[in-house]
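Welcome! Let's take a look at how two protein chains meet, and at what lies inside them.

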Amino acid sequence: MPDNLHFKTVTDLQSLLAGGEISSVELCRELIDRKEAVDSKIQAFNSLDAENVLANAEASDQRRANGELRGPLDGIPIGLKDVIAVSGSPLTCSSRMLENFVPPYDATVSRKLKEAGAIPFGRLNMDEFAMGSSTENSAFNTTFNPWSSDRVAGGSSGGSAAAVSAGSVPVSLGSDTGGSIRQPASFCGVVGMKPTYGRVSRFGLVAYASSLDQIGPFGRSVADVAQVLQSIAGHDPKDSTSIEKAVPGYPEILQNPIGPWKLGVPKEYFEEGLDPEVKACIQKAIDWYADQGCEIQEIQMPNMDLAIAVYYIIATAEASSNLARYDGVRYSHRSEQSEDAIDLYFKSRAEGFGEEVKRRIILGTYVLSSGYYDAYYLRAQKIRTLIREDFMKAYESVDALLTPTSPFVSFRAGEKNEDPLAMYLSDIFTISANLAGIPGISVPCGFNSENLPIGLQILGKPFGESDLLAIANSFEQAHDFSSQHPDL
Amino acid sequence: MEYEAFIGLEVHVQVRTQSKIFTSVGVGFGCEPNTLTDPVVLGFPGALPVLNKEAVEKSIKVGMLLQSTISEVTKWDRKNYFYPDSPKNYQISQFDQPICEGGKVEIELPGPSRNVMGEHKWIELTRAHLEEDVGKLNHFDNDSLVDYNRAGTPLLEIVTEPVLRTPDEAWAYLNALRMLMVYGDISDCDMEKGQMRCDANVSVRPVGQEDLGVKVEIKNMNSISGVRNALVYEIERQIQTLKGGGSLVQETRGWDASKNVTYHMRFKEESHDYRYFPDPDLMPVRIDEDWRGRISATIPERPYDRQRRYYDDFKLPFTITSVLIPDPGLCEFFEEAAEACNKPQQVANWIVNNLLSELGNDGLSLSESKITSAHIAGLVKLIEEGVISKNIAKEEVFGEMFTSGEMPAAIVEAKGLKQSNDTGELEPICQKVIDANPGPVEEILCGNEKAINFLKGQVMKATRGKANPALVDQMLKALIDKKG
């Protein structure tokens, strides 16, 4: 068996499987062992049903032997954030509230992956109900950064990023509401993409903020991310907000990239608060694109400073309503102590939700309340439109924008816990893409002096995923950041 | 001091559709609890609503029946409140862009007696919007159970302006609304099955005062007459309170049908802040000209328009139309039969006086019986053509036709009921009757023309009813004249 199987990309694994050098069962056994070996340190997994994984791997090997492969991902394990439903598997959202919930249905992305032969591999840790930027808000465990085990993996999809970075799984899915894929990808030194709102079905994704949530892939290469996106993208009649628009062939685009591109650099992203080492690293990446013949333009995003405020109004408003269903009456945590129906609500929710979730529910309830709606929610929606217009205006002159993914590298666990505002600022560069509904990708672009990964964020036009993948891929091909792995 | 009342009604009507409003699960009543559910109905994590087009289409149809303005763009909002019958603890409803705005409903007030038509009026509507129904709680001694079968049934909320002035008007409005829903094939509006529910807002003010009085909402009324009774009680309660020097507070009251009183439920301050906001899971719906046109082609004639037409075209009296009009199926049956024999009044009389009572006796609906419009038309034709008498039709043909489903002409043929018009055959019989009854003949000769009926009866008896009564009348008169 080849060395370091656990760090191979999907592309590599596909040729090993095709050449008969490994079987899917061997690959999955190796990854189960790897997870056993490293996850006690990283805590990326909430659960892993090894028996089920191996049964699926065996079925895939059988299909391969019979020449009945379902697609390129057949036999490839994929980790799923514990917010995406897989029929018969726990779906905890890293919350006490859903600790014992097992959905009887697949999310559309889970169904598509299964139909492509991919093997769901574990339930990955996250901030409770996807609310957070460090995976410290998980009710079960903090996920640690594979590059430095006293630091956070980022969040909210910290488990999805860390599992890929640590070599426990080659690719995974996360969800991104304000940066929850891109920021942990940047912290853990992997590639992570948030597609355009409506590109991937949200059916079966437990809702945090419905108008912002989007599922997207993590991988150790841009090509792997392109392959996973290919298999999950497209219109879904079960999600009215998914868009009927043909899905291009993403992996093929990487074979014949069209460049050089016109790239914008929004100056507001490089002002105060940006870590100097991160700034230098991003500047180097920008210079590289310029050297390749790309035209670099400075862009203005005048409403960028409002993005965090707008986000925490819209997201919490939607969350306050989305999370109302967890009341102890049907399937969620039910308090043993309650005296009547109202008391059941109070106690079940008090016991089931963590601090950050409660904070956001209260905030969201407040901004929607009679007398405050116009001043907060309605105003936030108007500014949201302005932010989108800023992007659309920029895209009249450039193909994509280059920015840092996060203003800083991974921070120490506990460092920002006591200060929610400081924590919220770690999403300052990612949030506006969700507000505008545009796609974004984070690709590794270097390390700081402490050998902590730094991510370059590329933001694209609506449905411009092909451009983003090609732009990111050209950078990745010319550098070796993605092929560096943490020493665990 | 004189007081006057103002009433506004909020009526919920379940829209009949194949499936629920936001998922493909079917709708129904009386099924095993929690069988008409799926992850969407139960609000499971990650489940998303997908709009049922049929529900929107039927709501547009209702809007057209109500003569509302149909919105070009309509959207969905979340109404947030916690209650165990609400699976998501928000209800998907419509806040500021309902499907239907404005509109009016023609009502008919009760007449001075059952046989006399009452005044017609138009009641202005505020709006009608579509939303999802909630589940049903069943309370027991020690616990409560919830059945989500009803949850997600499309529900149309139709709101009037506060323009109804009496409990009778409210009663008439609910009846008129129910007729419209039945005509549009929207709902049977059976209040006992929860297909129609009604809340009332009522206030009183001294005559002459400009501002409306303090508004009280009444809930828990389970029938149309229950609404009337509750309003009668509540208006009187409010007037007596004011007359006694008391004051009214804005509150919600419940109707207790067994005690015939309203009782306090909650004050306005205790009401929910629903925190409406647009549902991010659903896109707004555009209702274009084309779609409107297709639906408007399916709008039936409204009940009171039909009533007027029956009077104008067929001279049908209120005693007849009041029976026909509420039942569109019966009206169509009538129109088919009337058209086939061109005798609308006779057809209407047969339906109202004979057919409906037979149906009632057997507990059948029209569609369950063997009688078609062709049967009634055929029967009327036989009478009009003088083939059988009305009496024979009633006594010998109708019952047989109702039981066997045979066509009336075939029954007449088989039973040999054909009326006799043969003067040669009838004359000796008439003569015999005259000879045998000198008393009545004498009376006729003295000027009591009515006495002829006795003689006629004797002739009919002798011919077992088959003689043409008009002919017998003519012949008897001629024979008596000759005698005189």
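How many residues of chain B are in contact with chain A? Counting heavy atoms within 4.5 Å as contact, 30 residues of chain B touch 38 residues of chain A. This is a predicted model, in which local features need pLDDT of at least 70 and side-chain atom pairs count only at pLDDT 80 or more, while totals for chains, interfaces and linings use all residues. Residues are numbered from 1 along each chain as its sequence is written, chains are lettered from A in the order in which they are written, and side-chain values use heavy atoms, leaving out hydrogens and water.

**Where the chains meet**
- Together, chain B and chain A bury about 2,700 Å² (accessible area lost by both on being put together, 1.4 Å probe), with 59% of it on carbon and sulfur atoms.
- On the chain B side, Pro45(B), Leu48(B) and Arg275(B) lose the most area to chain A, together 23% of what that side buries.

**A charged link**
- The rule finds one salt bridge across this interface, meaning a side-chain nitrogen of Lys or Arg within 4 Å of a carboxyl oxygen of Asp or Glu.
- Arg202(A) forms a salt bridge with Asp281(B), and their closest N and O atoms are 3.0 Å apart.
- Strands β4 (77-80) and β16 (277-278) of chain B (DSSP E runs of at least two residues) each give two or more residues to the side touching chain A.

**Inside the protein**
- Ile458(A) is in contact with residues beyond four places in sequence, including Tyr289(A), Pro439(A) and Leu468(A).

Conventions:
Buried area is the accessible area (1.4 Å probe) that two parts lose on being put together, summed over both. Helices (H or I, at least four residues) and strands (E, at least two) are DSSP runs, numbered from the N terminus.
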